[in-house]
Amino acid sequence: MANQLGVLNALDAAKTQWYHFTAIVIAGMGFFTDAYDLFSISLITKLLGRIYYFDPLSSKPGTLPPRIAAAVNGVAFCGTLAGQLFFGWLGDKLGRKRVYGLTLMLMVICSIASGLSFGKSPAGVMATLCFFRFWLGFGIGGDYPLSATIMSEYANKKTRGAFIAAVFAMQGFGILTGGIVALIVSAAFDHAYKAHPYSVDGEHSTVPQADYIWRIILMFGAIPALLTYYWRMKMPETARYTALVARNAKQAAADMSKVLQVDLNAEQEKVDKIGTEQFGLFSREFAKRHGLHLLGTTSTWFLLDIAFYSSNLFQKDIFSSIGWLPKAETMSATQEVYKIAKAQTLIALCGTVPGYWFTVAFIEHLGRFAIQLMGFFFMSVFMFALAIPYPHWKNNNTGFLIMYSLTFFFANFGPNATTFIVPAEIFPARLRSTCHGISAAAGKAGAIVGSFGFLYAAQSTHHDKIDKGYHTGIGVKNSLIVLGAVNCLGMLFTLLVPETMGRSLEDITGENEEDNGYQQRFSVEKVPV
């Protein structure tokens, strides 16, 4: 378009080159760490119960009391929600780059500190762990809006969706690595310190050295984040922030000339004309232009994460209930960690990781809207297919595992990726990071509902089969039916989300326009339904 800045035109038209892949790796390693840190907790909660809540009079190994289990599983999500809102806002105020290193250092420090949690009593250890997990989540929260926005603003318009999806796809490798690290650590400790199953010798089924296992698993999350810190600090600020928000055309041209290795002109007079009409997040103008879009991105992310995180965090409970994991009392503590990690790694390998990369491959062919709608549809189908004939799956573990893997495949080749991508594309540069943070925070609110709610809801309807300290729930079968219904709602709210494939960010948001034409010519292309 005539009003498009030369530096932004150059970015939109740039061929895929080395700096794109560098940006994917730098932003992606943050997401690798995010996923590793958030999901590794589900590998060790049963071990924490055995170590710190052992009851010599019980025929079953110790388990975390309900409130402590809910806190350990969910506190990082509370931190993530707060971090998404705070760092999303800060990314628009101070710039993406200035805030980017801060989130990473917070993740590194809190990963290490989580593994060093201490206390004189079990409650003390859990309280310290929860404290550091909250601040770990706070740092992770900042990575969502900043990584998405940076990748979106660096990418060209033809492959932007695939590049943002590739950053998000590093989550899959994070989840997979968490399982592999737990497998290696638990196997090494099991080999070095032999222990009898709980049913044979309850007191000695958990060796004292098992306390190191969960600490090593949590602390390993700091390594990949630490490796990319230097490169994050070397990245220049995005041209879209420098030109459209900081309004410094000269700096934007200088930065992108180095990145693209071409000569670009500073066009300060164009910057002064373009989109000088400022409207705030809480203005009537924003509600008129972007209100429905924000409702679409927040509601779909909220509904997705209820299903996605409850299924992911409580895999071990679902596996136990269908008999895929042996009963806890038939294993030692280290054997139980190994079995849980093995199951989680298989699911990640079969369903989670491939789903992410299918999105990378097809998003610029099918579009965001189609992939999101299809993903919600198939998640609903497979949740209902697991739930309705639920007793059948107790005698068919392989079939259950295939169906369960497919729900994760279509979550990731579907709304789990697209809900991350779209908010980084449809809002103006000066509010992009904030709106992405709000959308992501809505998602984490869904994760909190899912992780806390499923913990209680999935308890058996029979008093004699519930975990110690819990009330009867609606059972795994009915919980899966509820999650299927949630996915159906996700399909409905997807209709509010616009298609952005193949268009420049400024074309989508209307930021190309001078003030006099901005109002009339602003439009976001809707997908025919």
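C110 is a buried residue, with a relative accessible area of 5%. The model it belongs to is predicted. The protein chain has 529 residues, and its secondary structure consists of 22 helices with zero strands.

**Cysteines**

- The sulfur of C110 lies 13 Å from the closest cysteine sulfur, which belongs to C130, and this is too far for a bond.
- A disulfide is a covalent bond between the sulfur atoms of two cysteines.
- For C130, the nearest cysteine sulfur is that of C78, at 9.7 Å, and C130 is in no disulfide.
- C130 has a relative accessible area of 13%, so this cysteine counts as buried, the cut-off being under 20%.
- The count of disulfides comes to zero.

**Overall form**

- The radius of gyration of the protein chain is 24 Å, which agrees with the value near 24 Å that a compact globule of 529 residues would have.
- Along its principal axes, the C-alpha trace spans about 80 × 45 × 35 Å.
- Of the contacts between residues at least 6 apart in sequence, 82% join residues at least 24 apart.
- Buried residues account for 60% of the 529 residues.

**Surface and charges**

- The protein chain exposes about 20200 Å².

**Two loop residues with positive phi**

- R247 is not a glycine, yet it has a positive phi of about 60 degrees.
- R247 sits in the loop that runs between α9 (239–245) and α10 (249–260).
- The relative accessibility of R247 is 23%, so R247 counts as partly exposed; that class lies between the limits of 20% and 50%.
- Q261 also has a positive phi of about 60 degrees, although Q261 is not a glycine.
- The loop between α10 and α11 (268–273) holds Q261.
- Q261 counts as exposed because its relative accessibility is 70%, and the cut-off for exposed is over 50%.

Definitions and conventions:
Residues are numbered from 1 along each chain as its sequence is written. This is a predicted model: local features need pLDDT of at least 70, side-chain atom pairs count only at pLDDT 80 or more; totals for chains, interfaces and linings use all residues. Side-chain values use heavy atoms; hydrogens and water are left out. Helices (H or I, at least four residues) and strands (E, at least two) are DSSP runs, numbered from the N terminus. The radius of gyration is taken over C-alpha atoms; the globule rule is 2.2 Å times the number of residues to the power 0.38. Buried means under 20% relative accessible area, exposed over 50%, partly exposed in between (1.4 Å probe, protein chains only). Contact means heavy atoms within 4.5 Å. Accessible areas come from the Shrake-Rupley method with a 1.4 Å probe; for residues, only the protein chains shown count as cover. A disulfide is a pair of cysteine sulfur atoms within 2.5 Å.
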